[in-house]
Amino acid sequence: GSSYKVSAYSDSCRSWLSATMVLDAAYLKATVGTVLSEGIAQAVTQYPADPVEFLGEYLIRHADAAVQAKGEVAEAELAAKAKAAHVEATNVKAKQQEKAKMMRDFQHQQESDHFDEALGGVDSLETLYEAILEYIRARLRGKADLA
């Protein structure tokens, strides 16, 4: 009876241990498998005096290169965001300038219409002179005191 329990417990432990090792191996393969394989291949081709130290240094160089690459990617992303912000600011400025131009054009059209209307009632040189002065005053927004 008790040997069966020990055997069943032992089988259960082996199953758990086997499953854990499979998961650990899958984790290692997914995270460091490629670089570890490359490092081992380098060690095999170069026959270093201390292959463990060689492999450790290889992994450290790879990690440093990966950190540097991430920094360069982050820098590139930051530069791209800055460029996008600049483009957006340029677009906003262009829209503001276009709006200001449209407002000026509208105002000039109103002034021109007013001048045309004033000229419609011109029956003498003196009336023409007054209409022109009124138009000029309107264009200068009342800054000139022409009498």
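Is Lys101 buried, partly exposed or exposed? In this predicted model, Lys101 has a relative accessible area of 38%. Lys101 therefore counts as partly exposed, because that class lies between the 20% limit for buried and the 50% limit for exposed.

Lys101 has a charged partner. Side chains of opposite charge can pair when their charged atoms come close. Here, Lys101 forms a salt bridge with Asp105. Their closest N and O atoms are 2.8 Å apart. The structure holds one salt bridge. Asp105 is also partly exposed, with a relative accessible area of 38%. Both residues lie in helix H2, four residues apart, so about one helical turn separates them.

Helix H2 covers residues 51–120. At 1.5 Å a residue, its 70 residues should span 104 Å. The C-alpha atoms at its ends are 102 Å apart, which agrees with that expectation. Some H2 residues are covered. The buried residues of the helix are Phe54, Leu55, Tyr58, Glu111 and Phe115.

Helix H1, residues 2–46, supplies the largest share, with six residues.

Conventions
Residues numbered from 1 in each chain as written. Predicted model: local features only at pLDDT ≥ 70, side-chain atom pairs only at ≥ 80, totals over all residues. Heavy atoms only, no water. Helix = DSSP H or I, 4+ residues; strand = E, 2+ residues; numbered from the N terminus. Expected span 1.5 Å × (residues − 1). Buried < 20%, exposed > 50% of the residue type's maximum accessible area, 1.4 Å probe, protein only. Salt bridge = Lys/Arg side-chain N within 4 Å of Asp/Glu carboxyl O.
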